[in-house]
Amino acid sequence: MIFIIGGYSQGKRDYANNRFKDARDHIFYLDDRAEEIFGQGKEPLDILKKMISEDPNLIVISNEIGCGIVPADEEARAFRKKLGRLQCKAAALADEVIRVTCGIGVKIK
């Protein structure tokens with residue numbers, strides 16, 4: 001599994017599509033789906049592990065969550081914390097972790 005992380009609108013999807021053949025068929029947007037999965041009372045890490053076992057070419061993309069303004073809303077802060085922890089676990093599972101800024105990817109794992 002390849003994990004691509006970076007700020008909002010920094011070119012993560014374009015980077016994946018340009019670097020990895022057939023990336024569109026293997027992309028999963030972690031931050032977009034995590035809120036829905038948490039809301040269903042499910043554990044996103046379990047779902048992610050299952051997806052990796054079914055598709056070893058999985059490319060997980062997520063917006064970096066910890067470098068912005070801390071939300072004033074307690075619920076939003078709790079979600080941010082849960083997603084940040086999930087991103088750490090996703091990075092640990094990944095074969096490769098790439099941080100994309102301004103469309104430029106830097107391998108960090």
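Cys 102 is exposed because its relative accessibility is 64%, where exposed means over 50% relative accessible area, buried under 20% and partly exposed in between (1.4 Å probe, protein chains only). Cys 88 also counts as exposed, at 56% relative accessibility. A disulfide is a covalent bond between the sulfur atoms of two cysteines. Here a disulfide is counted when a pair of cysteine sulfur atoms lies within 2.5 Å, and by this rule the count comes to zero.

A word on the model itself: it is predicted, so local features need pLDDT of at least 70 and side-chain atom pairs count only at pLDDT 80 or more, while totals for chains, interfaces and linings use all residues. Residues are numbered from 1 along each chain as its sequence is written, and side-chain values use heavy atoms, with hydrogens and water left out.

A patch is made of residues with over 30% relative accessible area and no salt bridge, joining like charges within 9 Å and nonpolar side chains (Val, Leu, Ile, Met, Phe, Trp, Tyr) within 5 Å. A salt bridge is a side-chain nitrogen of Lys or Arg within 4 Å of a carboxyl oxygen of Asp or Glu. Lys and Arg count as positive and Asp and Glu as negative; His and the chain ends are left out. Each charge is placed at NZ of Lys, CZ of Arg, CG of Asp or CD of Glu. Areas come from the Shrake-Rupley method with a 1.4 Å probe, and for residues only the protein chains shown count as cover.

| Patch | Residues |
|---|---|
| Positive | Lys 49, Lys 81, Arg 85, Lys 89 |
| Negative | Glu 35, Asp 73, Glu 74, Glu 75 |
| Nonpolar, about 300 Å² together | Ile 104, Val 106, Ile 108 |

Helix H4 (residues 74-93) gives the most to the positive patch, with three residues. Helices (H or I, at least four residues) and strands (E, at least two) are DSSP runs, numbered from the N terminus. Lys 89 is found in H4 and is partly exposed, with a relative accessible area of 43%. Glu 74, from the negative patch, is found in helix H4 too, and it is exposed at 62%.

In the nonpolar patch, Val 106 sits in strand E5 (residues 104-107). Val 106 counts as partly exposed because its relative accessibility is 48%.

Elsewhere, Lys 50 lies in helix H3 (residues 44-54) and is exposed, with a relative accessible area of 51%. Its C-alpha atom is separated by 24 Å from that of Arg 99, 49 residues apart along the chain.
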